[in-house]
Amino acid sequence: MKSPRNRLAWCLTGAGHKLFESVEVMEELATRGFDITVFISQAGLEVIRIYGLEGRVRAIADGSYYRELVTPSDGASCSKAGRLLMGKYLALIASPATANTVAKVVHGIADTPPTIAIAQALKGGVPVFVVPTDIEPEYETETPHVVDRDVCAAHKCGDCKPLDSCPTGAFELLGGLGHINLAKCIGCSRCLPECPFNAVKFRAKVKAKCSPIDLENVRRLSSIRGVTILRRPRDLIGEIEKLST
């Protein structure tokens with residue numbers, strides 16, 4: 001039977017920023033022999049679907065013991081988080097952590113699987129590593145699948161190939177122009193190569209600004225005993241290596 005030294009709890013919130021790198025690090029740790037329990041919010045479930053990462057996350061949290069995907073549908077009390085109170089994990093990782101999640105932890109609110117898990121980890125003395133999305137005044141992030149409607153309007157195709165290629169009906173025509181309904185999108189990218197004018201974009205770079213209160217909440221979170229703030233998901237590898245040796 002594996003010991004707590006081979007187990008990690010991982011919290012996924014509703015952030016797309018730093019999400020791909022977080023899943024890559026999660027996969028790397030899984031290949032190193034760590035069992036990873038994923039505590040995910042409803043927003044987190046939506047985001048991994050939109051960015052096409054749900055399959056990769058479910059491959060890590062495949063439902064076997066200590067490799068569960070703990071969702072809001074598992075119950076409001078999130079009973080599996082009690083393992084953290086009992087010290088059954090080497091560490092808890094929240095990457096990426098939204099500004100909303102950071103604010104809840106700072107103010108003692110535990111009402112989602114990630115925030116409940118973090119609260120239990122702090123009570124149980126399990127080290128907590130957080131990679132916040134809003135840690136710098138300005139940053140560059142990536143979009144889910146979107147349609148550049150200016151490009152679409154410039155061509156006005158009579159036959160919209162991305163519309164026909166979408167398996168979920170997420171690709172729509174609104175006002176005669178392409179639009180992606182993210183409530184239906186599964187991030188499969190089938191629409192990308194179908195547009196001959198490259199109007200469909202994925203992981204396009206956009207600038208974002210943090211509010212002062214979000215930056216202050218990260219500072220306050222860093223002052224909580226047992227919490228370590230990291231800037232990049234990749235930094236988690238070294239921290240886990242130190243704990244496991």
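Let's start with helix α10. What covers its buried residues? The cover includes β1 (7-12), α1 (19-31), β4 (91-97) and β5. Contact here means heavy atoms within 4.5 Å. Helices (H or I, at least four residues) and strands (E, at least two) are DSSP runs, numbered from the N terminus.

A word on the source. This is a predicted model, with residues numbered from 1 along each chain as its sequence is written. Local features need pLDDT of at least 70, side-chain atom pairs count only at pLDDT 80 or more, totals for chains, interfaces and linings use all residues, and side-chain values use heavy atoms, with hydrogens and water left out.

Back to α10, residues 235-244. Leu236, Ile237 and Ile240 are buried there, meaning under 20% relative accessible area with a 1.4 Å probe, protein chains only. Down the axis of α10, the buried residues fall within an arc of 105 degrees, so they line one face of the helix. The arc is taken from the directions from the helix axis to the C-beta atoms. In general, an α-helix has 3.6 residues a turn, so residues three or four places apart point the same way.

Now the sheet. It is open, with 6 strands in the order β3-β2-β1-β4-β5-β12, paired in parallel. Pairing takes at least two DSSP bridges between two strands. At the edges sit β3 (69-70) and β12 (227-229), each pairing on one side only. Strand β5, residues 128-132, joins β12 over 3 bridges. In one of them, Val128 has Val227 of β12 as its partner.

Next, pockets. A pocket is an open set of points on a 1 Å grid over the protein atoms alone, where a 1.4 Å probe fits, with protein on both sides within 12 Å along at least five of seven lines; lining residues have an atom within 4 Å of a point. The largest pocket has a volume of about 280 Å³, the space filled by probe spheres set on the points, which are joined across faces, edges and corners. Its lining has 19 residues, with His17, Lys18, Glu21, Glu140 and Pro233 nearest the centre. Both α1 and β6 (138-142) supply at least two lining residues each.

The second largest pocket holds about 230 Å³. Of its 20 lining residues, Cys152, Cys157, Asp159, Cys160 and Leu173 are closest to the centre. Which helix gives the most to this lining? That is α8, with 4 residues.

Methods. Buried < 20%, exposed > 50% of the residue type's maximum accessible area, 1.4 Å probe, protein only.
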